[in-house]
Amino acid sequence: MRANDLILRCYAKKDGDVWVAVCIDLCLAAQGQTLNEVKQKLEVMTRSYIKGAFEEDREYAGQLLARKAPLSQQATYHWIKFLNTCVNFKHNVKAFAEVMPMKLAV
């Protein structure tokens with residue numbers, strides 16, 4: 001990992017027949033049929049959001065990028081992360097940290 005990589009904390013959980021993924025650092029969510037699909041959708045969404053913040057709403061980029069998820073979703077992420085560390089825990093939840101390479105502006 002490079003010094004200018006951005007790490008976004010996310011979680012995914014199965015809700016009935018669909019997976020729901022949440023990025024707690026940008027307060028974004030996506031829905032999909034599989035874990036891989038929902039992670040890909042969330043990645044596309046976060047990249048688009050960050051790109052839009054810097055290219056289209058540059059004046060408000062700091063505010064847009066500091067938009068955290070509600071405390072309940074942050075607590076859910078940390079609980080799922082804890083459960084994922086339990087050796088025998090098998091459930092339809094997953095915490096992950098997406099690494100997004102950031103390019104320095106010229």
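Q: What share of the contacts in the protein chain with a separation of 6 or more comes from residues 24 or more positions apart?
A: Keep in mind that this is a predicted model. Contacts here are heavy atoms within 4.5 Å. Among those with a separation of 6 or more, residues 24 or more positions apart account for 49%.

Q: In what order do the elements of the protein chain run from the N terminus on?
A: Let's start with the tally: the chain has three helices and four strands. Read from the N terminus, the order is β-β-β-α-α-α-β.

Q: Which element gives the largest share of the largest nonpolar core?
A: This core has 14 residues, and C23, L26 and L42 have the most contacts inside it. Two or more residues come from each of β1 (5-15), β2 (18-23), β3 (28-32) and α1 (35-55). The largest share, four residues, belongs to α1.

Q: Which residues does L42 touch, not counting those up to four places away in sequence?
A: L42 is one of the residues with the most contacts inside the largest core. Leaving out residues up to four places away, its partners are C10, A21, V22, C23, L28, A29, A30 and F96.

Terms used: Residues are numbered from 1 along each chain as its sequence is written. This is a predicted model: local features need pLDDT of at least 70, side-chain atom pairs count only at pLDDT 80 or more; totals for chains, interfaces and linings use all residues. Side-chain values use heavy atoms; hydrogens and water are left out. A nonpolar core is a set of buried Ala, Val, Leu, Ile, Met, Phe, Trp, Tyr and Cys residues joined through side-chain atoms within 4.5 Å. Buried means under 20% relative accessible area, exposed over 50%, partly exposed in between (1.4 Å probe, protein chains only).
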